[in-house]
Amino acid sequence: MQNSRNNQVKANKLFILKRNTIIELLVHLLVFFVYLWIASHGYLTFDYSKTPISKTHYQSEAFLNGQLYLKIRPKPELLALQNPYDGRYNEHLRLHDASLYNGKYYLYFSPIVAFFITSPLKLLTGYYISDALICTLLCFIGYLFSYKILAYTLSSAQLNLPLLYKTGMQLALGLTITQLYSLNRIKIYEVAIFSGYAFLMMGLYYYMLIMTSTITKKIYIILSGIFLAFTVWARPSNFIIVFILSLLFLVYQFFPQRREYKLHKIFLFFSPLFIIGFVIAWYNYIRFGSITEFGLTYQLTVGFNYTKGEILTDIFGMHNFFANMVNYFFRDLQFVPFFPYFINCTQFYVPPELANRYDVECQSGILRIPIFSLILFCIPLCKCYYTKYRQQTLFAFLILICSLLSFLAVSVAPMSGMRYMIDFLPSFSIAMFILFSLSLACNKHADQHFDILSLYFCFAVFISLLINFLLCFPGYEYAFINANPHLYRTIEHFLNF
């Protein structure tokens, strides 16, 4: 009789495990499909060509021809200008967002995608694949690893959360961190943003494994070092994050309980960082004569009237911090009584002294999206879950610090926009969901409190998914409307009540 009951319990547990796994996979597929649908503007097809059509393609073309500068030649009229970097005079002459140096065009964006993805595929197939498809895949990789970080952390704490919470967090990580808005219009800058997102999430995942596991595989240490190094190359603004994570890893190896093989682990972790760091320095030096110059000093762009070098020394800086904080966190989300019902605010805060040097895209503040208010439920319970789940709490705060550092790096820029939120919002969301899950575990016996949290969680996830999905239709520069006006009008007709 007892054996029969034990077998029944085991069968029930196995059924629940299979059910949860199937639902988890279905949600992954749903997120990937939504990415594909948004990035292709509903067509579910992507362009490819034998000749370059994007800056990533031009960079690949240069690499395949054994050179670091683009094959596109600057116009003689541009080179003849007294100051070719002045946006007032180079608008119709420049290659936008390229770096002009010694009469040649370079890209200050990371070459990782062009070198490791676009170029090999061009050699194998004879075609350049679409930047939109590359960004879709990078975005999905970033989402998968962000969810793996969350799932592993909760599993290590032995938290058996209801399926409702797991699925809600999974959907929120995939569809509420401005990925849809950014995938809506893919140009060269989005390639850098999404590659930085993917590499940071992969680096954090393997970093978590080597910092929390009692038995660490060598390959995890190596992969953590490689992906964190690529994170810096993709988004140099993440340097401070990687520096602090590396320093913590070094200090952690000298804890008394981790003396064995510490030098071996230090070598495995730091070797990729130093090797890739050397390659970055060489790549910068051979192009611009400086190991720290990525090409931003020589960028040709719009909106700022500066001389060469002024973009770094004058336009970027902490004087932009307050304006960025207001716009990123508190900017209004506008409701309109017709489709798409939610639109980004066109009114923004810019201090008078920055009026001519600060550029803002239409956007909505983070605190206007309900899902991110869940962090408020975690703060009063810090002492409780630190006592019960110390390791998970410390890791959550480490990720939260990474998010803060990413925001500080973004906040020195003379601009703000929803695309740049991908630099810091995924880390913030992971930390928030870990702390929120721990707070649920600490309050599982307080039924009334638990029910209120459940109701608010469902509301926050649903409204946040709805807002983010609707915001992608106008999107950045109305990309969806312009690319597929027929589908947009069909959806508008169907959803206008």
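So, disulfides: taking one as a pair of cysteine sulfur atoms within 2.5 Å, the count here comes to zero. Cys135, for instance, is in no disulfide, and the nearest cysteine sulfur, that of Cys139, sits 8.5 Å away. Cys135 has 0% relative accessibility, so it counts as buried; buried means under 20% relative accessible area, exposed means over 50%, and partly exposed lies in between, with a 1.4 Å probe and protein chains only. Cys472 is buried as well, with a relative accessible area of 0%.

A quick word on what we are looking at. This is a predicted model, where local features need pLDDT of at least 70 and side-chain atom pairs count only at pLDDT 80 or more, while totals for chains, interfaces and linings use all residues. Residues are numbered from 1 along each chain as its sequence is written, and side-chain values use heavy atoms, leaving out hydrogens and water.

Now, please find His41 on the screen. His41 is in the loop between α1 (2-39) and β1 (48-49); helices here are DSSP runs of H or I with at least four residues, strands are runs of E with at least two, and both are numbered from the N terminus. Is His41 buried or exposed? His41 counts as buried, at 14% relative accessibility. What does His41 touch, leaving aside neighbours within four places in sequence? The partners are Asn184, Ala479, Phe480, Ala483, Asn484 and Leu487, where contact means heavy atoms within 4.5 Å. His41 and Pro485 are 444 residues apart in sequence, yet their C-alpha atoms are 9.5 Å apart in space.

Next, Gln59, in helix α2 (residues 55-64). Gln59 is buried, with a relative accessible area of 4%. Not counting residues up to four places away in sequence, Gln59 touches Leu70, Leu107, Phe109, Ser110, Pro111, Ala114 and Tyr283.

Last, a helix pair. Helix α6 (residues 163-175) and helix α17 (residues 425-442) pack at about 165°, with axes 11 Å apart. The axes are lines fitted to C-alpha atoms, for helices over the stretch in contact, and angles run from 0 to 180 degrees between N-to-C directions. α6 and α17 are therefore roughly antiparallel, the word for angles over 145 degrees. On the α6 side, the contact is made by Tyr165, Met169, Ala172 and Leu173. From α17 come Ser429, Ile430, Phe433, Phe436, Ser437 and Leu440. Those contact residues divide into eight nonpolar, two polar and no charged; Ala, Val, Leu, Ile, Met, Phe, Trp, Tyr, Cys and Pro count as nonpolar, Asp, Glu, Lys and Arg as charged, and the others, Gly among them, as polar.

Terms used
Parallel < 35°, antiparallel > 145°, perpendicular 65-115°, else oblique.
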